[in-house]
Amino acid sequence: NDLPNEEFPDHIHDGEEFLVIINGSLEVKMNGIDYLLKSGDELIFPAKMIHSAKVGQEGCFYIVGEKV
């Protein structure tokens, strides 16, 4: 559960990640593209892909898995 307006600056993950938004929203910037994810949306982050994120005003609850 991420807090409203929480920010995650550019970072990477060693393995591929899969994200499913359960409630709230998350703005993600990856590979020069902005994504606005809301309840039910899914996104795959390739391994070692630089990305950043900002949580929406209502906060965000999501499920994330990482393939290592």
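Reader: Where does Asn5 lie?
Author: Asn5 lies in the segment before β1. A strand here is a DSSP run of E with at least two residues, a helix is a run of H or I with at least four, and both are numbered from the N terminus. Please keep in mind that this is a predicted model: local features need pLDDT of at least 70, side-chain atom pairs count only at pLDDT 80 or more, and totals for chains, interfaces and linings use all residues. Residues are numbered from 1 along each chain as its sequence is written, and side-chain values use heavy atoms, with hydrogens and water left out.

Reader: Is the phi of Asn5 positive or negative?
Author: Asn5 has a positive phi of about 60 degrees, although Asn5 is not a glycine. Most residues other than glycine have a negative phi. Lys48 is not a glycine either, and its phi is positive at about 65 degrees.

Reader: Why is Asn5 called partly exposed?
Author: Buried means under 20% relative accessible area, exposed means over 50%, and partly exposed is in between (1.4 Å probe, protein chains only). Asn5 has 40%, so it counts as partly exposed.

Reader: And what makes Lys48 count as exposed?
Author: Lys48 has a relative accessible area of 52%, so it counts as exposed. Asp14 is also exposed, with 61%. Of the 68 residues of the protein, 31% count as buried.

Reader: How do you know that Lys48 forms a salt bridge with Asp14?
Author: The rule asks for a side-chain nitrogen of Lys or Arg within 4 Å of a carboxyl oxygen of Asp or Glu. The closest N and O atoms of Lys48 and Asp14 are 3.2 Å apart, so the pair passes. The two residues are 34 residues apart: Lys48 is in the loop between β4 (42-45) and β5, and Asp14 is in the loop between β1 and β2. By this rule the count comes to one salt bridge.

Reader: How many helices and strands does the protein have?
Author: The protein has zero helices and five strands. From the N terminus on, the order is β-β-β-β-β.

Reader: What makes β1 and β5 a pair?
Author: Two strands pair if DSSP finds at least two bridges between them. Strand β1 (residues 7-11) and strand β5 (residues 51-67) have three bridges, so they qualify, in the antiparallel sense. Phe8 has Ala53 of β5 as its bridge partner. Strand β2 (residues 16-30) is joined to β5 by 13 bridges, also running antiparallel. Leu19 has Val64 in β5 as its bridge partner.

Reader: Which residues are closest to the centre of the largest pocket?
Author: The largest pocket has a volume of about 170 Å³. Of the 13 residues that line this pocket, His11, His13, His51, Ala53 and Tyr62 are the closest to its centre. β1, β2 and β5 each supply at least two residues of the lining.

Reader: How do you know that the protein agrees with a compact globule?
Author: The radius of gyration is taken over C-alpha atoms, and the globule rule is 2.2 Å times the number of residues to the power 0.38. For 68 residues a compact globule would have a radius near 11 Å, and the protein has 11 Å, so the two agree. Along its principal axes the C-alpha trace spans about 30 × 20 × 15 Å.

Technical notes: On a 1 Å grid over the protein atoms alone, a cavity is a set of points where a 1.4 Å probe fits but cannot get out, and a pocket is an open set with protein on both sides within 12 Å along at least five of seven lines; lining residues have an atom within 4 Å of a point. Grid points are joined across faces, edges and corners, and a volume is the space filled by probe spheres set on the points.
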